[in-house]
Amino acid sequence: MLKTLLLAVALVTPFQVSAHDRSGNDTASDWVAKHYASFGLWDSVCDERMEAGELQQRCYLRYVEVFSPRPLFMASFVFAYTQDKQTQIELGFERGVRYSENGLRVERQGETVWSADDRCLDTSPCTLSSVAAQDMLAHLAGGDVLIQEFADRSGQMRLLEWDLSKFADAVSDYRREASARNLL
């Protein structure tokens, strides 16, 4: 049940428009998955749809963690995707989340090798583009764990630790599939 919930959240969250039809009605998405591979926590996905007679394609990496189920549903996510042949990273968290100092970071062998700019953590989603996205991808691929320490909107302290041991394989798959579709 939890995997189904995670998959539903993951498919809708990165591209809010995709949860609606092109007229803005709340209907199922018309994106069709053409590639799906799982690497530990991380999924590499490519899908497509027709728009005005033209094929639209997208590829992305994702992980979504639902850290509080209903009725206090809360989740956190990371998406890496292509836009204008560049990789973007979207970090998403619930409204009201307050990260601890250095509360979103990548660690390798217990040492912090990357941490989010505090200004980025003021609003969700936080989007990293171009150089910042490539920098984060490289650190995620070389890290052991992505750590999030924060107070959720109810004030409860949370610690999420996401395994990065298979992230480099996920990035390789994502880049291969995006390149094959001329998205990178």
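How many salt bridges does the count come to? By the rule used here (a side-chain nitrogen of Lys or Arg within 4 Å of a carboxyl oxygen of Asp or Glu), the count is 10. Some notes for finding your way around follow.

1. Ground rules. This is a predicted model, where local features need pLDDT of at least 70 and side-chain atom pairs count only at pLDDT 80 or more, while totals for chains, interfaces and linings use all residues. Residues are numbered from 1 along each chain as its sequence is written, and side-chain values use heavy atoms, with hydrogens and water left out.

2. Have a look at Asp30 and Arg49, whose side chains form a salt bridge at 2.9 Å, N to O. Asp30 belongs to the loop between helix 1 (2-12) and strand 1 (32-39), whereas Arg49 is in strand 2 (residues 42-51), 19 residues apart. Helices (H or I, at least four residues) and strands (E, at least two) are DSSP runs, numbered from the N terminus.

3. Covered or open? For accessibility, buried means under 20% relative accessible area, exposed means over 50%, and partly exposed is in between (1.4 Å probe, protein chains only). Asp30 comes out partly exposed, at 35%, while Arg49 is buried, at 10%.

4. Glu51 is partly exposed, with 25% relative accessibility. Through shared partners, salt bridges join Asp30, Arg49 and Glu51 into one network.

5. Another pair to check. Asp152 and Arg158 make a salt bridge too, with their closest N and O atoms 2.8 Å apart. Both Asp152 and Arg158 are buried. As background, side chains of opposite charge can pair when their charged atoms come close.

6. Strand 3 and its partners. Strand 3 (residues 54-68) is mostly covered, with 11 of its 15 residues buried. Strands count as paired if DSSP finds at least two bridges between them. Strand 2 and strand 3 run antiparallel and are joined by 9 bridges; strand 3 also pairs with strand 4 (residues 74-83), again antiparallel, over 8 bridges. Leu61 is a handy landmark: Ser44 stands opposite Leu61, and the bridge partner of Leu61 in strand 4 is Ala80.

7. The two hairpins here. The hairpin of strand 2 and strand 3 has 2 residues between the strands, and Ala52 takes a positive phi near 50° there. The hairpin of strand 3 and strand 4 has 5 residues between them.

8. Inside it, strand 6 (residues 98-108) and strand 9 (residues 145-151) are antiparallel, joined by 6 bridges, and Leu104 stands opposite Gln148 in strand 9.
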